[in-house]
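Dear colleague,

I am handing over the structure below, and I would be glad if you could look through it with the notes that follow. They go from the chain as a whole to its core, then to a helix pair and the salt bridges.

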Amino acid sequence: MDSSNLNNSSSNTSSSVTTAVSVATSPSSSTTTPSRYENQKRRDWNTFGQYLKNHRPPLSLCRCSGAHVLEFLRYLDQFGKTKVHTPICPFYGHPNPPAPCPCPLRQAWGSLDALIGRLRAAFEENGGRPEANPFGARAVRLYLREVRDLQSKARGISYEKKKRKRPPQPQIQPLPPPQSGAN
């Protein structure tokens, strides 16, 4: 970070400088930089924390439930970039519509699914008990399934679970039949 950035007095800059300094001086992290996944997980966690702070009334993490997570996901929809056709749209079910339409932009299912995975991990890394994790609530899983199905139908493309590639099995050669009459 250059000195012009260090002189900024905004709280955002000073907090990121503090974070950068504390990360750089800690002995365990001085040899490795956080992965892209870890950085994204930290940003997502901070965003959710900010959402809880701005919630009316403000919510503490320990009082957060699956319903609050759903509220957060619906709030994020306004920033989505994926066109999701409604059933009354003439392009409903078409993967590549030929013309623009007024259907809403939403968060893509894959993005929401990945976000919930990162927040679920971050919750436990920040001291939350796995059984109290609001990101793993049944309502959240059902909501994600509903979003996946709705977007799949709207685009006319099904989301199929990726099959794991199995390592190639060594071919076992059959044993030759025993020779008779060798006595």
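Among the contacts in the chain between residues at least 6 apart in sequence, 58% join residues at least 24 apart. Please keep in mind while reading that this is a predicted model. The secondary structure comes to 6 helices and 2 strands, and along the sequence these follow the pattern α-α-α-α-β-β-α-α. Of the 183 residues in the chain, 26% are buried.

The nonpolar core comes next. In the largest one, which has 23 residues, the members that touch the most other members are Phe48, Val69, Phe72, Leu73, Ile116, Leu119 and Phe135. Two or more residues are given to this core by each of helix H3 (36-54), helix H4 (66-76), helix H5 (109-125) and helix H6 (138-155), and the largest share, 7 residues, comes from H5.

On the H3 side the contact is made by Tyr37, Glu38, Gln40, Lys41, Asp44, Trp45 and Phe48, while H5 contributes Leu115, Gly117, Arg118, Leu119, Ala121, Ala122, Phe123 and Glu125. By class, the residues of this contact divide into 8 nonpolar, 2 polar and 5 charged.

Turning to charged pairs, side chains of opposite charge can pair when their charged atoms come close.

Since Glu125 lies in helix H5 and Lys41 in helix H3, the pair ties together parts that are 84 residues apart in sequence. Glu125 counts as exposed, at 51% relative accessibility, the cut-off for that class being over 50%, whereas Lys41 is buried, with a relative accessible area of 3%.

Another salt bridge joins the side chains of Arg106 and Asp77, at 3.9 Å, N to O. This pair also links distant parts of the chain, with Arg106 in strand E2 (residues 105-106) and Asp77 in the loop between H4 and strand E1 (82-83), 29 residues apart. Arg106 counts as partly exposed, at 32% relative accessibility, and Asp77 is buried, with a relative accessible area of 13%.

The remaining salt bridge to mention is between the side chains of Glu131 and Arg129, at 3.0 Å, N to O. Glu131 counts as exposed, at 63% relative accessibility, and Arg129 is exposed as well, with a relative accessible area of 52%. Apart from this pair, salt bridges that share partners join Glu38, Lys41 and Glu125 into one network.

With best regards

Terms used:
Residues are numbered from 1 along each chain as its sequence is written. This is a predicted model: local features need pLDDT of at least 70, side-chain atom pairs count only at pLDDT 80 or more; totals for chains, interfaces and linings use all residues. Side-chain values use heavy atoms; hydrogens and water are left out. A nonpolar core is a set of buried Ala, Val, Leu, Ile, Met, Phe, Trp, Tyr and Cys residues joined through side-chain atoms within 4.5 Å. Buried means under 20% relative accessible area, exposed over 50%, partly exposed in between (1.4 Å probe, protein chains only). Helices (H or I, at least four residues) and strands (E, at least two) are DSSP runs, numbered from the N terminus. A salt bridge is a side-chain nitrogen of Lys or Arg within 4 Å of a carboxyl oxygen of Asp or Glu. Contact means heavy atoms within 4.5 Å. Ala, Val, Leu, Ile, Met, Phe, Trp, Tyr, Cys and Pro count as nonpolar, Asp, Glu, Lys and Arg as charged, and the others, Gly among them, as polar.
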